[in-house]
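Good morning, and thank you for coming. Please look at the sequence and the structure on the screen while I speak.

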Amino acid sequence: MSVDVMDEKWLLSAEQVRSLLKWIRGYAGANRSVYPFMLTVAEQALRPGEARALRVSDVIFSEGDGGSLTARHNGTVRKVPLQPQFVELLREWISETGLQEDDLLFPGMRGRPLSASVYMRIWEHAQEAILPRDELYSWRLGEPITILRESCLVKWLKRGISPVTVAEWAGVTPRWLALRYPHCFRTEGAEVDWGHLTKVLALPGSLNS
């Protein structure tokens, strides 16, 4: 398996993600769907194509503040649990827009799929408006919004969520995560209680007993 390594410096910080999304939400020329669409990529780590294809029927609200999304990619289907605050946002979005069961969750003009050229143009404007100038020019201008998904995956890993669980939510393999984000799996500086480990691994009747 050949996987390009994602350098940690290319990822967005939580503050940068919040600032970019806040700018996009207030952008007067944006299609109403652009903000919740990008928020879904950033908070649920969906691929942009998966988020564009979501329908209202793919959102399941459970009792209380839980829920899930049904995401599809290359013929595979997976369930992605929704964060409680995201459940509330989606409830409000579906209610306010009057979307029906078979409608696209984030429709573009006349109910068609949201145009990639539309949201990419807004995304580029947001980068220019929010990211520091020196950082902006060190980036590839026009970086796809998949960087939002990547930053979310790393956030989950750093929070201590099992790589197996993160891989399941993201529709990848644990090995892919390890190859893509090796900085999340480094053990430098980790403290090991060798005395305890020796006792745990000692065989009955060994010289250590």
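Leaving aside its neighbours within four places in sequence, Gln-44 is in contact with Leu-39, Leu-69, Val-80, Pro-81, Leu-82, Gln-83, Phe-86, Cys-152 and Trp-156, where contact means heavy atoms within 4.5 Å. This is a predicted model, in which local features need pLDDT of at least 70, side-chain atom pairs count only at pLDDT 80 or more, and totals for chains, interfaces and linings use all residues. Residues are numbered from 1 along each chain as its sequence is written, and side-chain values use heavy atoms, with hydrogens and water left out.

Gln-44 belongs to helix 2. Helices (H or I, at least four residues) and strands (E, at least two) are DSSP runs, numbered from the N terminus. Is Gln-44 buried or exposed? Gln-44 is buried, and its relative accessible area is 0%. Here buried means under 20% relative accessible area, exposed means over 50%, and partly exposed is in between, with a 1.4 Å probe and protein chains only. A polar atom of the Gln-44 side chain lies 3.4 Å from the backbone nitrogen of Gln-83.

Gln-16 is buried, with a relative accessible area of 16%. Its side chain reaches the backbone nitrogen of Ser-13 at 2.9 Å.

Let us turn to the packing of helices. Two packed helices are described by the angle between their axes and the distance between the axes. Axes are lines fitted to C-alpha atoms, for helices over the stretch in contact, and angles run from 0 to 180 degrees between N-to-C directions.

Helix 2, residues 34-44, packs with helix 5 at an angle of about 80°, and their axes are 11 Å apart. Helix 2 is therefore roughly perpendicular to helix 5. Angles under 35 degrees count as roughly parallel, over 145 as roughly antiparallel, 65 to 115 as roughly perpendicular and the rest as oblique. Val-34, Phe-37 and Met-38 of helix 2 make the contact with Val-118, Tyr-119, Ile-122 and Trp-123 of helix 5. By class, these residues are seven nonpolar, no polar and no charged. Ala, Val, Leu, Ile, Met, Phe, Trp, Tyr, Cys and Pro count as nonpolar, Asp, Glu, Lys and Arg as charged, and the others, Gly among them, as polar.

Helix 1 (residues 14-25) packs with helix 5 (residues 116-130) at about 120°, with 9 Å between their axes. That angle makes helix 1 oblique to helix 5. Which residues of helix 1 meet helix 5? They are Ser-19, Leu-20, Trp-23 and Ile-24, and their partners in helix 5 are Ile-122, Trp-123, His-125, Ala-126, Gln-127, Ala-129 and Ile-130. The contact of helix 1 with helix 5 has eight nonpolar, three polar and no charged residues.

Next, the backbone. Most residues other than glycine have a negative phi, and most peptide bonds are trans. Asn-74, however, has a positive phi, near 50°. Asn-74 lies in the loop between strand 2 (67-73) and strand 3 (76-81), and is exposed, with a relative accessible area of 70%. Arg-110 has a positive phi near 55°. Arg-110 is placed in the loop between helix 4 (84-97) and helix 5, and is exposed at 72% relative accessible area.

Finally, the whole chain. It has ten helices and three strands, and buried residues make up 39% of its 209 residues.

Key
Polar contact = N/O pair within 3.5 Å; in protein donor to acceptor, adjacent residues only side chain to side chain.
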